[in-house]
Amino acid sequence: EQALAEAYAKGYAGENILGTGFSTDIVVHKGAGAYICGEESSLMNSLEGKRAYPRIKPPFPAQKGLWGMPTTINNVDSLAQAALALEIGPDVYSKIGSERHPGVARYGISGHVVRPGRYEYPTGMLMTDLIYEVCGGIRGGKKLKAVVPGGSSTPVLRADMIEGVTMDAESLRDAGSMMGTGGMLVMDEDTDMVRFLRRIAHFYHAESCGQCTPCREGTGWREKLVTRIDEGEGNLRDLDLLIELCGQMEGRTVCALADAAAWPVRHTITRFRDEFEAKCKPAVFAGADLSGDGATVE
(Lines give C-alpha, C1' and ligand atoms only; values in the text may rest on other atoms or scores of the structure.)
Protein backbone atom coordinates (compact mmCIF):
# COMPACT_ATOMS: atom_id res chain seq x y z
CA GLU A 1 0.00 0.00 0.00
CA GLN A 2 2.92 2.35 0.68
CA ALA A 3 4.44 1.57 -2.71
CA LEU A 4 1.06 2.14 -4.33
CA ALA A 5 0.75 5.55 -2.63
CA GLU A 6 4.20 6.44 -4.00
CA ALA A 7 3.10 5.38 -7.50
CA TYR A 8 0.03 7.64 -7.33
CA ALA A 9 2.17 10.53 -6.03
CA LYS A 10 4.57 10.20 -8.98
CA GLY A 11 1.74 9.96 -11.50
CA TYR A 12 2.34 6.30 -12.40
CA ALA A 13 -1.26 5.43 -11.47
CA GLY A 14 -4.54 7.31 -11.32
CA GLU A 15 -5.77 10.00 -13.71
CA ASN A 16 -3.95 10.94 -16.93
CA ILE A 17 -0.87 8.82 -16.23
CA LEU A 18 2.31 10.73 -17.21
CA GLY A 19 0.19 12.97 -19.44
CA THR A 20 -0.77 10.14 -21.78
CA GLY A 21 -4.52 10.54 -21.33
CA PHE A 22 -4.72 6.99 -19.98
CA SER A 23 -6.17 6.54 -16.51
CA THR A 24 -6.34 3.50 -14.26
CA ASP A 25 -6.76 2.77 -10.58
CA ILE A 26 -4.95 0.01 -8.66
CA VAL A 27 -6.65 -1.57 -5.67
CA VAL A 28 -5.01 -3.80 -3.04
CA HIS A 29 -7.45 -6.46 -1.87
CA LYS A 30 -6.81 -8.70 1.11
CA GLY A 31 -7.18 -12.35 0.14
CA ALA A 32 -9.21 -15.01 1.93
CA GLY A 33 -5.97 -16.66 3.00
CA ALA A 34 -6.49 -20.17 1.65
CA TYR A 35 -3.72 -21.92 -0.28
CA ILE A 36 -6.24 -22.81 -3.00
CA CYS A 37 -6.57 -19.09 -3.81
CA GLY A 38 -3.26 -19.37 -5.61
CA GLU A 39 -5.25 -21.02 -8.40
CA GLU A 40 -6.51 -18.21 -10.63
CA SER A 41 -10.20 -19.09 -10.82
CA SER A 42 -10.33 -19.70 -7.06
CA LEU A 43 -8.82 -16.25 -6.63
CA MET A 44 -11.57 -14.74 -8.77
CA ASN A 45 -14.28 -16.48 -6.77
CA SER A 46 -12.68 -15.22 -3.58
CA LEU A 47 -12.60 -11.65 -4.91
CA GLU A 48 -16.29 -11.95 -5.77
CA GLY A 49 -17.07 -13.00 -2.20
CA LYS A 50 -17.82 -16.61 -3.09
CA ARG A 51 -16.41 -19.85 -1.75
CA ALA A 52 -12.93 -20.21 -3.23
CA TYR A 53 -13.63 -23.22 -5.44
CA PRO A 54 -11.68 -23.57 -8.71
CA ARG A 55 -13.84 -23.09 -11.78
CA ILE A 56 -14.17 -25.55 -14.63
CA LYS A 57 -12.44 -24.29 -17.79
CA PRO A 58 -13.33 -23.23 -20.42
CA PRO A 59 -14.30 -20.44 -20.29
CA PHE A 60 -10.86 -19.15 -19.40
CA PRO A 61 -10.39 -15.91 -17.44
CA ALA A 62 -9.32 -14.03 -20.58
CA GLN A 63 -12.76 -14.87 -22.02
CA LYS A 64 -14.93 -14.66 -18.92
CA GLY A 65 -13.25 -13.82 -15.66
CA LEU A 66 -13.87 -11.52 -12.72
CA TRP A 67 -17.57 -10.59 -12.58
CA GLY A 68 -17.96 -12.12 -16.04
CA MET A 69 -15.49 -9.71 -17.67
CA PRO A 70 -12.31 -10.63 -19.56
CA THR A 71 -9.55 -10.83 -16.94
CA THR A 72 -5.79 -11.11 -17.09
CA ILE A 73 -4.17 -12.69 -14.02
CA ASN A 74 -0.47 -12.57 -13.20
CA ASN A 75 1.45 -13.15 -10.00
CA VAL A 76 3.77 -10.54 -8.54
CA ASP A 77 6.90 -12.37 -9.67
CA SER A 78 5.77 -12.26 -13.31
CA LEU A 79 5.13 -8.52 -13.10
CA ALA A 80 8.53 -7.97 -11.47
CA GLN A 81 10.20 -9.92 -14.30
CA ALA A 82 8.32 -7.89 -16.89
CA ALA A 83 9.44 -4.62 -15.29
CA LEU A 84 13.07 -5.72 -15.38
CA ALA A 85 12.82 -6.89 -19.00
CA LEU A 86 11.32 -3.53 -20.03
CA GLU A 87 13.96 -1.59 -18.11
CA ILE A 88 17.05 -3.32 -19.54
CA GLY A 89 15.60 -4.46 -22.85
CA PRO A 90 14.75 -7.94 -24.15
CA ASP A 91 18.19 -8.59 -25.68
CA VAL A 92 20.01 -7.98 -22.40
CA TYR A 93 17.34 -9.77 -20.35
CA SER A 94 17.49 -12.90 -22.54
CA LYS A 95 21.22 -13.23 -21.84
CA ILE A 96 20.73 -13.42 -18.05
CA GLY A 97 20.85 -16.88 -16.50
CA SER A 98 20.08 -20.13 -18.25
CA GLU A 99 19.87 -20.08 -22.03
CA ARG A 100 16.78 -22.33 -21.95
CA HIS A 101 15.16 -20.48 -19.03
CA PRO A 102 16.52 -16.91 -19.04
CA GLY A 103 15.99 -14.26 -16.41
CA VAL A 104 16.33 -13.88 -12.67
CA ALA A 105 14.73 -16.00 -9.98
CA ARG A 106 13.68 -15.32 -6.41
CA TYR A 107 14.94 -18.20 -4.31
CA GLY A 108 13.32 -18.71 -0.92
CA ILE A 109 15.79 -21.04 0.78
CA SER A 110 14.86 -22.59 4.12
CA GLY A 111 15.76 -25.60 6.22
CA HIS A 112 19.10 -26.77 7.57
CA VAL A 113 21.40 -24.15 6.02
CA VAL A 114 23.57 -21.60 7.80
CA ARG A 115 21.95 -18.57 6.15
CA PRO A 116 18.34 -19.25 5.14
CA GLY A 117 16.61 -16.37 3.39
CA ARG A 118 15.17 -14.83 0.27
CA TYR A 119 17.71 -14.33 -2.53
CA GLU A 120 17.57 -12.96 -6.07
CA TYR A 121 20.02 -14.50 -8.53
CA PRO A 122 20.01 -15.51 -12.19
CA THR A 123 18.34 -18.74 -13.19
CA GLY A 124 20.62 -21.63 -14.02
CA MET A 125 22.71 -21.46 -10.85
CA LEU A 126 24.05 -24.74 -9.59
CA MET A 127 21.91 -26.00 -6.75
CA THR A 128 25.06 -26.80 -4.82
CA ASP A 129 26.30 -23.18 -5.23
CA LEU A 130 23.06 -21.86 -3.71
CA ILE A 131 23.34 -24.25 -0.78
CA TYR A 132 27.07 -24.06 -0.03
CA GLU A 133 28.10 -20.59 -1.25
CA VAL A 134 25.01 -18.39 -0.98
CA CYS A 135 23.61 -20.05 2.14
CA GLY A 136 26.88 -21.04 3.79
CA GLY A 137 26.42 -24.81 3.67
CA ILE A 138 24.65 -27.24 5.96
CA ARG A 139 24.09 -26.08 9.52
CA GLY A 140 26.31 -27.70 12.16
CA GLY A 141 28.68 -29.15 9.56
CA LYS A 142 26.30 -32.02 8.85
CA LYS A 143 25.84 -33.83 5.55
CA LEU A 144 23.17 -32.99 3.02
CA LYS A 145 20.39 -35.57 2.76
CA ALA A 146 17.67 -34.16 0.52
CA VAL A 147 16.46 -31.02 -1.25
CA VAL A 148 13.00 -29.92 -2.30
CA PRO A 149 13.84 -27.51 -5.16
CA GLY A 150 10.73 -25.44 -5.74
CA GLY A 151 8.10 -25.68 -3.01
CA SER A 152 6.39 -28.50 -1.15
CA SER A 153 4.69 -29.97 -4.21
CA THR A 154 7.90 -30.43 -6.23
CA PRO A 155 9.47 -33.89 -6.01
CA VAL A 156 12.23 -34.24 -3.42
CA LEU A 157 15.75 -35.03 -4.64
CA ARG A 158 18.29 -37.10 -2.73
CA ALA A 159 21.71 -35.55 -2.15
CA ASP A 160 23.22 -37.91 -4.72
CA MET A 161 20.79 -36.62 -7.35
CA ILE A 162 21.72 -32.92 -7.33
CA GLU A 163 25.32 -32.94 -8.54
CA GLY A 164 25.50 -30.70 -11.61
CA VAL A 165 21.79 -29.81 -11.40
CA THR A 166 21.04 -26.15 -12.11
CA MET A 167 18.03 -24.12 -11.03
CA ASP A 168 16.13 -23.92 -14.28
CA ALA A 169 13.12 -25.75 -15.63
CA GLU A 170 14.97 -28.05 -18.04
CA SER A 171 17.76 -29.18 -15.70
CA LEU A 172 15.39 -29.88 -12.82
CA ARG A 173 13.02 -31.78 -15.09
CA ASP A 174 15.91 -33.98 -16.23
CA ALA A 175 16.83 -34.57 -12.58
CA GLY A 176 13.29 -35.68 -11.74
CA SER A 177 11.81 -32.55 -10.16
CA MET A 178 10.60 -29.04 -11.03
CA MET A 179 11.55 -25.38 -10.61
CA GLY A 180 8.19 -24.48 -9.09
CA THR A 181 8.34 -21.26 -7.08
CA GLY A 182 12.03 -21.52 -6.27
CA GLY A 183 11.14 -22.24 -2.64
CA MET A 184 14.05 -24.54 -1.79
CA LEU A 185 13.94 -26.70 1.35
CA VAL A 186 17.29 -28.16 2.42
CA MET A 187 17.37 -31.17 4.78
CA ASP A 188 20.37 -32.57 6.64
CA GLU A 189 21.37 -36.16 7.40
CA ASP A 190 19.28 -36.32 10.59
CA THR A 191 15.97 -35.53 8.86
CA ASP A 192 13.25 -38.13 9.34
CA MET A 193 11.73 -38.37 5.85
CA VAL A 194 8.59 -40.11 7.14
CA ARG A 195 7.99 -37.25 9.57
CA PHE A 196 8.70 -34.78 6.76
CA LEU A 197 6.08 -36.41 4.54
CA ARG A 198 3.59 -36.53 7.40
CA ARG A 199 3.81 -32.76 7.73
CA ILE A 200 3.41 -32.26 3.97
CA ALA A 201 0.42 -34.64 3.89
CA HIS A 202 -1.24 -32.74 6.74
CA PHE A 203 -0.78 -29.45 4.89
CA TYR A 204 -2.46 -30.61 1.68
CA HIS A 205 -5.28 -32.28 3.57
CA ALA A 206 -5.92 -29.03 5.46
CA GLU A 207 -5.71 -26.88 2.32
CA SER A 208 -7.85 -28.98 -0.03
CA CYS A 209 -10.98 -26.96 -0.78
CA GLY A 210 -13.06 -30.15 -0.77
CA GLN A 211 -14.82 -29.59 -4.09
CA CYS A 212 -13.48 -32.70 -5.83
CA THR A 213 -13.88 -36.15 -4.25
CA PRO A 214 -10.47 -37.56 -5.29
CA CYS A 215 -8.70 -34.64 -3.63
CA ARG A 216 -10.98 -34.24 -0.61
CA GLU A 217 -10.94 -37.95 0.27
CA GLY A 218 -7.50 -38.75 -1.11
CA THR A 219 -5.62 -36.13 0.91
CA GLY A 220 -7.38 -37.29 4.06
CA TRP A 221 -6.57 -40.95 3.55
CA ARG A 222 -2.98 -40.12 2.67
CA GLU A 223 -2.51 -38.23 5.91
CA LYS A 224 -4.03 -41.09 7.91
CA LEU A 225 -1.79 -43.69 6.26
CA VAL A 226 1.41 -41.64 6.57
CA THR A 227 0.57 -40.84 10.21
CA ARG A 228 0.00 -44.53 10.90
CA ILE A 229 3.36 -45.40 9.38
CA ASP A 230 5.15 -42.65 11.30
CA GLU A 231 3.69 -43.92 14.56
CA GLY A 232 4.87 -47.47 13.86
CA GLU A 233 1.40 -48.86 13.20
CA GLY A 234 1.59 -49.12 9.43
CA ASN A 235 2.60 -52.12 7.35
CA LEU A 236 4.39 -52.64 4.06
CA ARG A 237 1.12 -52.83 2.14
CA ASP A 238 0.41 -49.22 3.13
CA LEU A 239 3.34 -48.02 1.04
CA ASP A 240 1.98 -49.53 -2.15
CA LEU A 241 -1.51 -48.36 -1.21
CA LEU A 242 -0.22 -44.78 -0.92
CA ILE A 243 1.38 -44.97 -4.38
CA GLU A 244 -1.85 -46.40 -5.81
CA LEU A 245 -3.83 -43.65 -4.12
CA CYS A 246 -1.65 -41.03 -5.82
CA GLY A 247 -2.60 -42.52 -9.17
CA GLN A 248 -6.28 -42.22 -8.27
CA MET A 249 -5.83 -38.50 -7.52
CA GLU A 250 -3.60 -37.24 -10.34
CA GLY A 251 -5.41 -35.72 -13.29
CA ARG A 252 -8.88 -36.36 -11.87
CA THR A 253 -9.79 -32.98 -10.36
CA VAL A 254 -10.84 -29.51 -11.48
CA CYS A 255 -7.51 -27.94 -10.49
CA ALA A 256 -3.98 -29.26 -10.00
CA LEU A 257 -3.95 -29.33 -6.19
CA ALA A 258 -4.51 -33.08 -6.15
CA ASP A 259 -1.51 -33.55 -8.42
CA ALA A 260 0.57 -31.23 -6.25
CA ALA A 261 -0.47 -33.23 -3.19
CA ALA A 262 0.34 -36.57 -4.84
CA TRP A 263 3.84 -35.80 -6.12
CA PRO A 264 5.61 -35.42 -2.75
CA VAL A 265 4.02 -38.65 -1.50
CA ARG A 266 4.94 -40.66 -4.59
CA HIS A 267 8.53 -39.44 -4.82
CA THR A 268 9.38 -39.31 -1.12
CA ILE A 269 8.30 -42.93 -0.72
CA THR A 270 10.05 -44.17 -3.86
CA ARG A 271 13.29 -42.26 -3.17
CA PHE A 272 13.47 -42.98 0.57
CA ARG A 273 11.56 -46.25 0.72
CA ASP A 274 14.01 -47.85 3.14
CA GLU A 275 13.09 -45.29 5.80
CA PHE A 276 9.39 -46.00 5.36
CA GLU A 277 9.90 -49.75 5.43
CA ALA A 278 11.91 -49.42 8.65
CA LYS A 279 8.86 -47.96 10.39
CA CYS A 280 6.41 -50.52 9.01
CA LYS A 281 5.28 -53.80 10.48
CA PRO A 282 5.51 -56.85 8.19
CA ALA A 283 2.43 -57.25 6.04
CA VAL A 284 0.00 -60.01 7.01
CA PHE A 285 -2.31 -61.24 4.26
CA ALA A 286 -5.55 -63.08 4.91
CA GLY A 287 -5.22 -66.70 3.84
CA ALA A 288 -1.41 -66.75 4.10
CA ASP A 289 0.32 -69.81 5.48
CA LEU A 290 2.44 -68.41 8.32
CA SER A 291 3.28 -71.62 10.17
CA GLY A 292 4.51 -73.93 7.45
CA ASP A 293 2.00 -76.63 8.45
CA GLY A 294 -0.91 -75.45 6.32
CA ALA A 295 -2.46 -73.12 8.93
CA THR A 296 -3.91 -69.91 7.49
CA VAL A 297 -4.96 -66.54 8.81
CA GLU A 298 -8.68 -65.81 8.41
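Predicted model: local features only at pLDDT ≥ 70, side-chain atom pairs only at ≥ 80, totals over all residues.
Visitor: How many helices and strands does the protein chain have?
Guide: Eleven helices and five strands. Both are DSSP runs numbered from the N terminus: helices are H or I with at least four residues, strands are E with at least two.

Visitor: What box do the C-alpha atoms fill?
Guide: Roughly 95 × 45 × 30 Å, taken along the principal axes.

Visitor: How much of the chain is buried?
Guide: Buried residues are 40% of the 298 residues. Buried means under 20% relative accessible area, exposed means over 50%, and partly exposed is in between (1.4 Å probe, protein chains only).

Visitor: Is Cys37 buried or exposed?
Guide: Cys37 counts as buried, at 11% relative accessibility. Cys135 is buried too, at 0%.

Visitor: Let's go to helix H5. Which residues are buried there?
Guide: H5 covers residues 127-134, and Met127, Thr128, Leu130, Ile131 and Val134 are buried.

Visitor: What covers them?
Guide: The cover includes strands E1 (104-111), E2 (117-122), E3 (144-148), E4 (157-158) and E5 (183-188), along with helix H6 (169-175).

Visitor: What follows H5?
Guide: Gly136, with a positive phi near 80°. There is a glycine just after H2 as well: Gly49 takes a positive phi of about 85°.

Visitor: Which residues of H2 are buried?
Guide: Ser41, Ser42, Met44, Asn45 and Ser46.

Visitor: Where does Glu39 lie?
Guide: In the loop between helix H1 (2-9) and helix H2 (40-47). Glu39 counts as buried, at 17% relative accessibility.

Visitor: What does Glu39 touch?
Guide: Pro54, Lys57 and Cys255, not counting residues up to four places away in sequence. Contact means heavy atoms within 4.5 Å. Pro54 is 15 residues from Glu39 along the chain, and their C-alpha atoms are separated by 6.9 Å.

Visitor: Now charges. How many salt bridges are there?
Guide: The structure holds 21. In a salt bridge, a side-chain nitrogen of Lys or Arg is within 4 Å of a carboxyl oxygen of Asp or Glu.

Visitor: Which residue does Lys57 pair with?
Guide: Glu40, at 3.0 Å, N to O. Lys57 lies in the loop between H2 and helix H3 (76-88) and Glu40 in H2, so the pair ties together parts 17 residues apart in sequence.

Visitor: What about Asp190?
Guide: Asp190 forms a salt bridge with Lys142, with the closest N and O atoms 2.6 Å apart. The pair links distant parts of the chain: Asp190 is in the loop between E5 and helix H7 (193-207), and Lys142 is in the loop between H5 and E3, 48 residues apart. Asp190 is exposed, at 52%, while Lys142 is partly exposed, at 34%.

Visitor: And Asp259, is it buried or exposed?
Guide: Asp259 is buried yet has no salt bridge. The nearest side chain of opposite charge, Arg266, is 8.7 Å away. For such charges, Lys and Arg count as positive and Asp and Glu as negative; His and the chain ends are not counted.

Visitor: Where is Asp259, and what is in contact with it?
Guide: Asp259 lies in helix H10, residues 257-271. Leaving aside neighbours within four places in sequence, Asp259 is in contact with Glu250, Gly251 and Thr253.

Notes:
Residues numbered from 1 in each chain as written. Heavy atoms only, no water.
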